[in-house]
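Let's take a walk through a protein fold, one piece at a time. Have a look at the picture first, then read on.

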Amino acid sequence: MRRGFVIWENLLQRLAREPELENIILGTGVMARDLQTKLRLLSLKAPFLVGGSDDAENGIYHYSHIAELEPAERYRFIVCFDVDEWTLIAPAQSAVYSRLGVATYNHPRVIRLTGDSTLYERAGEFLIDAHIQNLFIRRDSPYAVYGNPGSGQFNIHIFGGCHASALFRYSQSAWPELLQNRLRECEFHTVVYAWGQPRESTADCLLQFLRDGINHKVDLLILEKSVNELDVLHVARYNLLPVREGSGVHEYIYQLRGTYSGKIENGLKHNIDYTILWKTHHRVFSALAKRMGFTFWNIITSTGYSLPEEQARKLLGLSPGYLARKRKQKEAAISSVNGVCVKDYTDSFNGVDNIFEMYADISHLTDKGNEIIAERCAKDILQTFGERINNIDGGI
């Protein structure tokens with residue numbers, strides 16, 4: 001993809017404040033080279049580009065060399081990947097945050113010119129949805145299908161945010177795809193539907209299932225969510241179908257605020273406690289499962305905030321008190337439903353030496369992270385529904 005861009009004044013000021021830093025540009029396409037040229041014209045250091053292979057003749061080095069840069073304080077990293085390089089975003093960002101020793105969206109020495117924008121561009125057609133606000137569509141479908149639909153197949157539908165999305169993702173393979181691959185290897189015949197959409201709340205997932213998912217055959221419905229959305233910074237808790245606002249607000253709400261000057265109402269102000277909100281959504285999904293004859297699992301995934309304390313502190317650099325409050329929030333949510341249908345995957349990376357290898361940033365997983373989640377989920381499925389397997393040698 002051929003592109004060019006303008007360096008805005010605020011970015012130029014940020015770059016010029018520390019001219020002694022070497023700018024390591026993550027990307028090898030037209031945009032990255034254009035940026036490198038502009039920086040050099042400004043007498044700012046931009047020694048080489050970072051890609052997926054070594055090509056010293058063209059000034060390109062593999063992202064694995066980021067670990068060798070010494071001292072770390074000498075460098076600034078600028079994410080500038082083109083769309084056809086999107087598979088490099090997760091491993092390269094993982095290497096950057098590992099080298100800097102902390103993962104955060106606003107790190108003073110990480111500038112993300114592309115990243116999310118590149119992933120949005122490759123994800124598919126981006127639409128405003130009447131009920132769930134934002135929606136990606138690819139080949140006229142809001143979900144991806146892994147496996148061959150047909151009679152005799154075990155049908156798994158996975159709803160959630162970008163972790164469960166096959167359209168908008170950082171990793172090369174979404175964990176629902178890896179899950180279907182693993183189950184197929186064990187001769188457990190499944191079809192996996194990945195419905196995840198970025199920033200989709202549990203309330204949005206419920207609405208999407210009631211409107212669209214309910215028309216499909218469902219044997220197992222997995223709601224894959226973290227408890228981050230219970231944070232006051234994310235959701236208006238006026239009612240049981242809250243609108244996401246504040247941090248990570250929907251683009252639709254951004255547009256509405258920019259074009260409409262009147263009062264915006266998010267529902268009657270019942271001021272529902274977040275734990276009750278989570279519990280009620282869980283009860284609705286459970287009731288639907290009982291009525292329609294499918295199994296419901298609520299998988300709580302492992303974001304940086306919900307990791308065991310030692311790993312969370314290493315990845316995020318946050319205080320023990322803050323992380324303890326996050327864990328307490330998670331445990332209160334699970335306790336509110338007595339753990340029924342809940343699977344806590346926040347300890348999935350126990351024993352991992354370098355937690356940075358699991359994350360592309362503070363919450364999005366790398367391929368390695370997704371493989372571990374998929375393996376764990378496959379094991380749970382085989383243990384629960386193993387009698388449906390006609391011929392399995394060994395299993396997981």
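Which residues of β11 are buried on one side, and which on the other?

## A strand with both faces covered

Leu220, Ile222 and Glu224 are buried on one side of β11, while Leu221, Leu223 and Lys225 are buried on the other. Here, buried means under 20% relative accessible area, exposed means over 50%, and partly exposed is in between, using a 1.4 Å probe and protein chains only. Since six of the six residues of β11 (220-225) are buried, the strand is largely enclosed by the rest of the structure.

Before going on, keep in mind that this is a predicted model, where local features need pLDDT of at least 70, side-chain atom pairs count only at pLDDT 80 or more, and totals for chains, interfaces and linings use all residues. Residues are numbered from 1 along each chain as its sequence is written, and side-chain values use heavy atoms, leaving out hydrogens and water.

Strands pair if DSSP finds at least two bridges between them.

## A five-stranded sheet

Now for an open sheet with parallel pairing, whose five strands come in the order β3-β2-β1-β4-β5. At the edges sit β3 (60-62) and β5 (110-112), each pairing on one side only. On average, neighbouring strands in this sheet are turned by 30° against each other, direction ignored. Such angles run from 0 to 180 degrees between N-to-C directions, with axes fitted to C-alpha atoms (for helices, over the stretch in contact).

β4 (residues 75-79) is joined to β5 by three bridges, and valine 79 has arginine 112 as its bridge partner. Helix α1 (residues 9-17) lies across β1 (22-26), β4 and β5, running at about 160° to β5.

## The whole protein

In total there are 11 helices and 13 strands, which are DSSP runs numbered from the N terminus (helices: H or I, at least four residues; strands: E, at least two). Of the 396 residues, 53% count as buried. The C-alpha atoms fill a box of roughly 65 × 60 × 45 Å, taken along the principal axes.

Terms used: Contact = heavy atoms within 4.5 Å.
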